[in-house]
Amino acid sequence: MSALDEAAANAAAKKQSMSFAERMAARDKARKAKWAKARAEKTVDADEDPAVFWQKFGGESAKVVERAEKASTEAEVKQLEKDAAALRSKVSDAAAYLTQYDIKRATAEADQATDAVKEAKERICPREKYAFAEGTVHVEKGVEKIKFADRQKEMSKVSVGGEIPGFRNEQGKVLVVDKTWSTQVHLEDLKDCVVFAPYPLQTLRLVRLENCHVFSRDIAGPCYVHNCVGCVFRVVPRQLRIHDTTNTTFHVASASGPIIEACDDCRFAAYACTWSGVHAEQMATFVKAGAWRDVQDFKWLKTAANPHWRELDRVDYATKVPEQAASVAAEQELVLLPLADLGHGFTGMS
């Protein structure tokens, strides 16, 4: 190809290239005009418009707060509770189309209304606040028990009352719940301990445990976890309620999804162990397959992924009890199931 021919070819290519760029620019301009026209002609969907949401939602929280401050009857409190719940529901429903800022703002307003209603309820319908009694610890027939003299109520609103057997203020020990105890067991202020509950219970309460492992069989009623950190719990409760707990792993088989509140860095997985060869589904007929995944967080109304909990990763899974408790686990015929035996009950498995 001569220099003249090459120059002509380059000129033609340049013209073609410019022509293509011009066509693309024109197409882009037309597309933008089309979008602008569509937006101008579009009828706003009131159910998915942030401006309309704030027209209806804005100021509602302040109204509930004002009514709560003036409330004087139990009937008013009940209505306020419904109204506060409705506000939370509205925020949850709108999370799909609100911005992150709007979600945060609306959630804060809903929480403000909820807190005001709680204060009104405590003022008008006083109840004993959730707190564990400062009980006296005594030893009876070699078994440590905790005596709650003032019979304060727990989170479940069920009276603790009388003597509740359990372990308290222990560190670095391997502990076994005695079969002669009541079916209500209480563990409190334990550190670096391994606890076995090898027989069916009615209620299990875990309070202020640090770096502990708890292995429990079936629990006909609830299991309450409060203010624990760095622990591993394997439990089969009808219901699991968790408050103010961080960096803790829960292997769970239950009738319904775990409920968490004010928690962070919690991990959930299948129960994945047997006692004398008996699986969770066999020892507790109320167990619902996969319920451990249905975690309910009262502090997270968004539809986005919840940062407060996650399913347990393979790398975090352990198939052995802590070494210092291995012999006790063998005596109780407790076996942690390997990953291959978990199937669909474990995250990442087929």
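This is a predicted model: local features need pLDDT of at least 70, side-chain atom pairs count only at pLDDT 80 or more; totals for chains, interfaces and linings use all residues.
Local features need pLDDT of at least 70 and side-chain atom pairs count only at pLDDT 80 or more, while totals for chains, interfaces and linings use all residues. Residues are numbered from 1 along each chain as its sequence is written, and side-chain values use heavy atoms, with hydrogens and water left out.

**View 1. Cys231 and its closest cysteine sulfur, in Cys212.** Searching the whole structure turns up zero disulfides (cysteine sulfur pairs within 2.5 Å). Here the two sulfurs lie 4.9 Å apart, too far for a bond. Cys231 is buried, at 1% relative accessibility (buried means under 20% relative accessible area, with a 1.4 Å probe and protein chains only).

**View 2. Cys273, another buried cysteine.** Its relative accessible area is 2%.

**View 3. Helix α2 and the residue Gly59.** Helix α2 spans residues 50-57 (helices are DSSP runs of H or I, at least four residues, numbered from the N terminus). Look for Val52, Phe53, Trp54 and Phe57, which are buried. Just after α2, Gly59 adopts a positive phi of about 85°.

**View 4. Helices α3 and α5 packed together.** Residues 60-70 form α3 and residues 100-124 form α5; the axes are 9 Å apart, at an angle of about 10° (axes are lines fitted to C-alpha atoms over the stretch in contact, and angles run from 0 to 180 degrees between N-to-C directions). The two helices are therefore roughly parallel (angles under 35 degrees).

Note on methods: Buried means under 20% relative accessible area, exposed over 50%, partly exposed in between (1.4 Å probe, protein chains only). Angles under 35 degrees count as roughly parallel, over 145 as roughly antiparallel, 65 to 115 as roughly perpendicular and the rest as oblique.
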